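Here are my notes for your first read-through. Keep the model open beside you as you go.

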Amino acid sequence: MELLKAIVGGMNYWIFIILMMIGLYAMITKNNLVKKLIGMSIFQTSILLFFISLAVKEGATIPILHHDQAHAKQGDHGEGGKHSDPSHKGKEAASAIEEGKEKPSVSHAGSSKIDPDRFTNPLPHVLMLTAIVVGVSTLGVALSITQKLYTEFGTIEENEILDQLKSGDD
Amino acid sequence: MKALGFIAVLGTGLLLLAASRDFPNWGDPDSPASSYRLSRHFITETINETAVPNMVTAVLADYRGYDTLFEAVVIFTAGIAVIGILRRYGSRNSIPSARETPLTPKKPDLIVESTVRLLIPIIQIFALYVIAHGHHSPGGGFQGGVIFGASFILLALARDLKAAQNWVAEKRTLILACCGILIYAGIGVLCQFLGDNFLDYQILHRILPTDPVMARYHSILVVEIGVAFTVTAIMFSIYSNLSSNGKMKEGI
């Protein structure tokens with residue numbers, strides 16, 4: 001029973017570790033450079049999933065305030081929140097000054113309203129959001145190096161490239 | 001080699017599995033990531049400090065603005081690296097036969113042409129929406145930039161690289177990428193000139209007609225636009241270099 005509980009509770013980690021090991025295995029054993037890069041991508045994906053799953057919280061929703069909550073914070077003294085979303089360019093100056101005056105009272109009323117248990121931690125989402133795009137661009141660099149190797153050596157098999165380098169040495 | 005690799009992977013996997021028992025359970029509200037005071041601060045105070053309902057955007061562009069600036073620089077550097085590795089100017093190294101006869105004689109396909117013509121404006125408008133609406137819904141510079149770059153990649157795939165180059169020439173792509181970084185870093189330096197820390201947006205209320213909280217709100221939008229410029233340009237630049245083997249001629 002204890003073992004079953006440990007397995008089911010940590011099921012997500014099992015999946016990430018299996019994915020990560022698939023990626024690592026491909027990176028270690030495959031000769032084809034593109035297959036190695038596919039392995040690297042699988043590895044990256046498992047890390048992304050790992051971070052996102054750490055942010056999961058029972059009974060919580062995505063870290064975006066609902067419109068009512070956002071308006072309750074900004075809107076209970078006029079409609080500062082209301083016209084901040086469709087057209088923030090227009091009359092924001094007037095309302096913002098008004099908003100600035102009453103800021104202290106609003107912040108006290110508000111922090112009691114937002115329950116931290118109802119929202120997940122935004123930080124892992126932020127980290128992975130940038131990691132995805134950075135991962136794509138580093139993959140682009142890796143692919144371009146592979147392409148350059150192909151134009152140099154006529155192959156993307158690692159051992160054949162090494163053979164050609166060795167035979168060129170002597 | 002295969003057996004050795006398998007043993008190494010198996011060993012690492014077993015060690016990680018053993019370590020995973022120390023991690024919190026799925027969805028545990030008391031896990032360190034969820035109960036740490038930073039998480040609480042982000043959730044309860046973001047709306048008071050920045051007036052942005054989407055906490056992810058606020059943390060991305062404001063609290064962790066320094067990190068995001070250099071993520072954008074990483075993307076920019078990757079784009080420059082791809083150009084440095086692949087791009088070939090002139091015709092010194094090119095194979096003459098490949099240049100005389102393109103691989104496939106391009107004949108525009110009616111269905112593909114019309115679908116692309118209908119889709120691309122919608123994709124681009126959606127990308128602009130995602131960038132501009134990042135304060136209130138999932139979105140922001142990175143996501144919108146990727147969608148915008150994808151619209152150009154779709155054009156290059158459906159017709160050829162030339163057609164896409166008519167819209168965003170190589171030079172213009174690079175200028176766009178540089179502009180993005182300059183906008184982001186410029187906002188940071190502007191904050192310094194006004195007497196506060198690098199990327200501390202609230203000091204911008206001196207030049208914007210708003211209070212410090214709304215100054216942060218609007219600076220986040222400007223920063224996201226900078227990120228979107230860079231991401232759009234670099235995505236298209238990486239694609240066009242990879243697909244044409246650095247010659248920027250015909251592509252796939």
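**Notes on a helix pair and a pocket**

1. Start with two helices, α7(A) and α8(B). They are roughly parallel to each other, because angles under 35 degrees count as such and theirs is about 30°. Bear in mind that this is a predicted model.

2. The crossing of α7(A) with α8(B) is left-handed.

3. Which residues make the contact? From α7(A) come Leu129(A), Thr130(A) and Val133(A). From α8(B) come Phe142(B), Gln143(B) and Val146(B). By class, this contact has 4 nonpolar and 2 polar residues. Charged residues are absent from it.

4. Next, turn to the second largest pocket. Its volume is about 300 Å³. The lining is made by 16 residues. Nearest the pocket's centre are Lys5(A), Ala6(A), Ile7(A) and Gly10(A), along with Arg21(B).

5. Which elements give two or more residues to this lining? Chain A supplies α1 (2–9) and α2 (11–29), and chain B supplies α1 (2–19). The most comes from α1(A), with 6 residues.

Key
Residues are numbered from 1 along each chain as its sequence is written. Chains are lettered from A and ligands numbered from 1 in the order in which they are written. This is a predicted model: local features need pLDDT of at least 70, side-chain atom pairs count only at pLDDT 80 or more; totals for chains, interfaces and linings use all residues. Side-chain values use heavy atoms; hydrogens and water are left out. On a 1 Å grid over the protein atoms alone, a cavity is a set of points where a 1.4 Å probe fits but cannot get out, and a pocket is an open set with protein on both sides within 12 Å along at least five of seven lines; lining residues have an atom within 4 Å of a point. Grid points are joined across faces, edges and corners, and a volume is the space filled by probe spheres set on the points. Helices (H or I, at least four residues) and strands (E, at least two) are DSSP runs, numbered from the N terminus. Axes are lines fitted to C-alpha atoms, for helices over the stretch in contact, and angles run from 0 to 180 degrees between N-to-C directions. Angles under 35 degrees count as roughly parallel, over 145 as roughly antiparallel, 65 to 115 as roughly perpendicular and the rest as oblique. A crossing is left-handed if the near helix is turned anticlockwise from the far one by less than a right angle, and right-handed if clockwise. Contact means heavy atoms within 4.5 Å. Ala, Val, Leu, Ile, Met, Phe, Trp, Tyr, Cys and Pro count as nonpolar, Asp, Glu, Lys and Arg as charged, and the others, Gly among them, as polar.
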